[in-house]
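Please look over the sequence and the model first. A short briefing follows, grouped by topic.

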Amino acid sequence: GENLNVHGNIHANGNISADGSLTLGDAGTDSIVLNADVNSNIIPNTNGAFDIGNSTQYWSNGFFESIKIHANSTLAMTALNIDSDDQDQQALVIDGEQTTVNTFQINSDALTSGEAMAIISASSDTTARSVVAIVNDDAAATGAVGLTVQQDSSGGGIVVDDNLSGIGISVDKDVPA
């Protein structure tokens, strides 16, 4: 009916149930080892207050069926930031098996002055390369189009701003000079 203090190890054969809060460990050097599957949700007590891992101790791999990220309007940080420092590995790979829906889509419904997507290559390396490559890698896909641009306003469909001499192409159908 009162407190139980054990100095040493506890071993229980069978289930252990506890009503109320649990504190496991009292220092960062303590460990929790799970030799079983987790059979419940893992839900934080306070929304947006706790992390999984930190800036020096990372989890190795995460295997998820689905990931949903919701950034609160007062979050004041990027919702998803991928910082990939491994120079010979791709930072992001999407392998989609979709047949009738978009494999990747960006909906930017409140955009005012930024881009819905910006691809910035800031490497000064002089090796020949494409900053963006669209490859339709199947000769039998005769109905596929490499790039489609739809502009529903008079703001111009495609603008190429080439600051060097040579390959600059500008197609501004309805944009005033």
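What does the accessible surface of the protein chain come to, and what share of it belongs to carbon and sulfur atoms? The surface is about 18,500 Å², with 48% belonging to carbon and sulfur atoms; such areas come from the Shrake-Rupley method with a 1.4 Å probe. This is a predicted model, in which local features need pLDDT of at least 70, side-chain atom pairs count only at pLDDT 80 or more, and totals for chains, interfaces and linings use all residues. Residues are numbered from 1 along each chain as its sequence is written, and side-chain values use heavy atoms, leaving out hydrogens and water.

**Overall form**
- The protein chain has 0 helices and 2 strands (DSSP runs: H or I of at least four residues for helices, E of at least two for strands, numbered from the N terminus).
- The protein chain is more spread out than a compact globule, because its radius of gyration is 27 Å, well over the 16 Å that the globule rule gives for 177 residues (taken over C-alpha atoms; the rule is 2.2 Å times the number of residues to the power 0.38).
- Along the principal axes, the C-alpha atoms of the protein chain fill a box of roughly 85 × 40 × 40 Å.

**Burial and contacts**
- Of the 177 residues in the protein chain, 1% are buried (under 20% relative accessible area; exposed is over 50%, partly exposed in between, with a 1.4 Å probe and protein chains only).
- Among contacts between residues at least 6 apart in sequence, 0% join residues at least 24 apart (contact means heavy atoms within 4.5 Å).

**Residue A76**
- A76 lies in the segment before β1 (158–159).
- A76 is not a glycine, yet has a positive phi of about 65°.
- A76 counts as exposed, at 79% relative accessibility.
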